[in-house]
Amino acid sequence: MRFYDKSLADSESLTRQYDGVDLVKFLCALLVIMLHTSILRDVNPLLHAGIRDYIGRLAVPFFFTAAGYFLFRKTDEHSFDKAVPLRYAGRILRMYLIWTVIYAPLSLMELSDLYAHPVLEWIHYFLFAGSFPHLWYLRATVVATLILTFLMCKRVPLKDILTAAAGLYILGLIPYAYTGLLKRAPLLWNTFEAYERVFITTRNGLFEGFPFMSLGMWLAYRPLRMRSRTILAGSLLSFLLLLIEAAVIYKMRWASKTDTYLFLPAATFFLFVFSAHMELAPGRSYRYLRSLSTVVYLTHMAFVRLAKKGCAYLAWRLKLPVNHSLIIFFAALLPCLATSVLILKLADKFPRIQKLYA
């Protein structure tokens, strides 16, 4: 392994293979499965909290940052061509609609256990959050791409876009990561509750997708050149600060949800910069991981639900100790990987299948 020693905005970056990013994206997809199966819940409470409240929270922000970088490096900041991001938004929207239909039976089944009018709630989630828990990423990517396209067409300076993105990110994380503090200000808390009744969550394209895609766009446009030791030091420091923040919030019991933190953008920034500068031994396998990570992410929730229900049933019916978080993880992971590989193989023969993930 060696480090790419030029800026990510350099013209040479357009022809590079980002094997490090492809590898980290795949690891992040696996991390999401660990998160959704609570892999260490029955092993160690502290390690479980480390996955749930710390490491696992880097995955989706990394996806957003990578998406912003690879999308906007195809455009020019000063002669912006809106056709490029609009085509991308259209493609992601198509994927969102396809997977919404695929997950609709499972989604409606789960909502019927919670609401008197599951179809109305399904439409509500489809419009404002995500038609199934993990599909919020696709919806948020579309929203964030359209916002950035609009701002670039209006020639809003990049620094102003980043400032607005930072403000919105902080505004969106406080009600969840710092719930215990926000509740001390009743007016602000009541305002947030009113917002949540309509828009469900701040974990959407405006408060999370837009900030992290802006970060990726900034890296695509600005000739930032960093030495490998600077990247490594920044990575270690940002990860340490994120750990301290997560530990304090965990200890003080401030958070209602731990999706975002104040130091998460810094950790995501350095994780992406580190992976983008990392050059691995040549091989086609890394490019394959790019598609595989997307398919794994999109399909995994079906296998997570099946694994949880299947292990619970076997534990009850056969009196077997299989309802363990580690067993559930592997029961979801293995068929998910097998199905994802099969989908990619079928896509080679039937190109229309690529619409599921590209």
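**Aromatic contacts, helices and pockets**

Tutor: Y18 is buried, with a relative accessible area of 3%; buried means under 20%, exposed over 50%, and partly exposed in between, with a 1.4 Å probe and protein chains only. This is a predicted model, in which local features need pLDDT of at least 70, side-chain atom pairs count only at pLDDT 80 or more, and totals for chains, interfaces and linings use all residues. Residues are numbered from 1 along each chain as its sequence is written, and side-chain values use heavy atoms, with hydrogens and water left out.

Student: How many aromatic pairs does the structure hold?

Tutor: There are 27 aromatic pairs. Rings of Phe, Tyr and Trp (its six-membered ring) pair if their centres lie within 6.5 Å; planes under 30 degrees apart count as stacked, over 60 as edge-to-face and the rest as tilted. For Y18 and F70, the ring centres are 5.1 Å apart and the planes stand at 80°, so this pair is edge-to-face.

Student: Where do Y18 and F70 lie?

Tutor: Y18 is in the loop between β1 (2-3) and α1, while F70 belongs to helix α3, so the pair ties together parts that are 52 residues apart in sequence. Helices (H or I, at least four residues) and strands (E, at least two) are DSSP runs, numbered from the N terminus.

Student: Which residues do ring pairs link into a cluster with Y18?

Tutor: The cluster joins Y18 to F62, Y69, F70 and F272.

Student: What comes just after α1?

Tutor: S38 follows, with a positive phi of about 50°, and S38 lies in the loop between α1 and α2. K319 also has a positive phi, of about 55°, although it is not a glycine. K319 is in the loop between α13 and α14.

Student: Is K319 buried or exposed?

Tutor: K319 counts as exposed, at 66% relative accessibility.

Student: How many disulfides does the structure hold?

Tutor: It holds zero disulfides, a disulfide being a pair of cysteine sulfur atoms within 2.5 Å. For C28, the nearest cysteine sulfur is that of C336, 15 Å away. The sulfur of C336 is itself 15 Å from its closest cysteine sulfur, in C311, which is too far for a bond. C28 counts as buried at 5% relative accessibility, and C336 counts as buried at 0%.

Student: Which residues lie nearest the centre of the largest pocket?

Tutor: Of its 36 lining residues, K25, R91, R290, S291 and T294 lie nearest the centre. Helix α13 gives the most to this lining, with eight residues. By class, the lining has 20 nonpolar, five polar and eleven charged residues. Ala, Val, Leu, Ile, Met, Phe, Trp, Tyr, Cys and Pro count as nonpolar, Asp, Glu, Lys and Arg as charged, and the others, Gly among them, as polar.

Student: And the second largest pocket, how much space lies there?

Tutor: About 1000 Å³. It is lined by 40 residues, and H36, P133, R203, K257 and D259 are the closest to its centre. This lining divides into 22 nonpolar, nine polar and nine charged residues.

Student: How many cavities of 30 Å³ or more are found?

Tutor: The search of the whole structure finds one, and the largest cavity has a volume of about 60 Å³. Its lining includes Y169, R203, F207 and D259. The largest share of that lining, four residues, comes from α7.

Methods
On a 1 Å grid over the protein atoms alone, a cavity is a set of points where a 1.4 Å probe fits but cannot get out, and a pocket is an open set with protein on both sides within 12 Å along at least five of seven lines; lining residues have an atom within 4 Å of a point. Grid points are joined across faces, edges and corners, and a volume is the space filled by probe spheres set on the points.
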